[in-house]
Amino acid sequence: MVKMNGLPLLCLLLLFMVRAEGSSGCPEPCSCHGSQVDCSAQGFTSSSLPSHFPADTTELRLHGNLLTTLPNGLLDSLPLLRHVSLYGNPWACDCGVLYLRAWLLRQPASHSSHHKVNCSSPLSLRGRLVVYLAEEEVLESCHYWYCDLALASQVCLFVFVAVQAGLLVAVIVFLRKFERISKEARRTAEEIIPGGEGIPGSEYEPLKDSSI
């Protein structure tokens, strides 16, 4: 009876441990020590970065990776976060950096998270600190990016139209050539058939007479 009473308690304890581990689990391949989460130098890109971290994280190390942007809202779910190391990443200062810039601006002036968070691209902003970028500068790079995309789309459309026009011209030339050849063949046939109708009779009649 004692064993039976202790079994439900053991199950509840295991369930509590599993839930606790799931709610504050350390994302792989990062290492966690208390409330410190170290994801540095793991080769993370913006798409492979873990989408969540333990809710009680106070220090997050993301330096030395291949991050160009941070997913929107990634750091907003960590209310106890006090420090984030972001240096050593090739940040792309285009539209995608707006979330990181806004988050850095919300941090106190004494906050060290913006330390060495520099732009790697575009060339005009290379080396600039993300936190000190003017919004107009970022939007200007977005504008140029959209212009390049629009230009590429227009070029592709022009090439497509040119190819279609070339095919249409080729079909028209072929049809006209075919029509001309058909007319010549029809005219030749009309010239040959009337002149040859009397040939079989004129040739074979004398032969029949001579044989008799």
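View 1. One aromatic pair is counted, where rings of Phe, Tyr and Trp (its six-membered ring) pair if their centres lie within 6.5 Å. The rings of F174 and F178 have centres 6.4 Å apart and planes at 20°, so they are stacked; planes under 30 degrees apart count as stacked, over 60 as edge-to-face and the rest as tilted. F174 and F178 lie 4 residues apart in helix α3 (residues 135-195), a separation of about one helical turn. Both F174 and F178 are exposed; buried means under 20% relative accessible area, exposed over 50% and partly exposed in between, with a 1.4 Å probe and protein chains only. This is a predicted model, in which local features need pLDDT of at least 70 and side-chain atom pairs count only at pLDDT 80 or more, while totals for chains, interfaces and linings use all residues. Residues are numbered from 1 along each chain as its sequence is written, and side-chain values use heavy atoms, with hydrogens and water left out.

View 2. Beyond residues up to four places away in sequence, L104 touches L86, S113, H114, V117, V130 and V131; contact means heavy atoms within 4.5 Å. L104 and V131 are 27 residues apart along the chain, and their C-alpha atoms are separated by 5.9 Å.

**View 3. The largest nonpolar core.** A nonpolar core is a set of buried Ala, Val, Leu, Ile, Met, Phe, Trp, Tyr and Cys residues joined through side-chain atoms within 4.5 Å. The largest such core has 31 residues, and L60, L62, L70, L75, L86 and L100 touch the most other members. Two or more residues of this core are given by each of α2 and α3. The largest share, 4 residues, comes from α2. When neighbours within four places in sequence are left aside, L75 contacts L60, L70, L81, Y99 and W103.

**View 4. The open sheet β1-β2-β3-β4.** Four strands form this sheet with mixed pairing; two strands pair if DSSP finds at least two bridges between them. The edge strands, β1 (31-33) and β4 (83-85), each pair on one side only. Neighbouring strands are turned by 10° against each other on average, direction ignored; axes are lines fitted to C-alpha atoms, and angles run from 0 to 180 degrees between N-to-C directions. β1 pairs with β2 (residues 36-38) in the antiparallel sense over 3 bridges, and Q36 in β2 is the bridge partner of H33. Across the protein, the secondary structure comprises 4 helices and 6 strands, with helices (H or I, at least four residues) and strands (E, at least two) taken as DSSP runs numbered from the N terminus.

View 5. Most residues other than glycine have a negative phi, and most peptide bonds are trans. A41 is exposed, with a relative accessible area of 57%.
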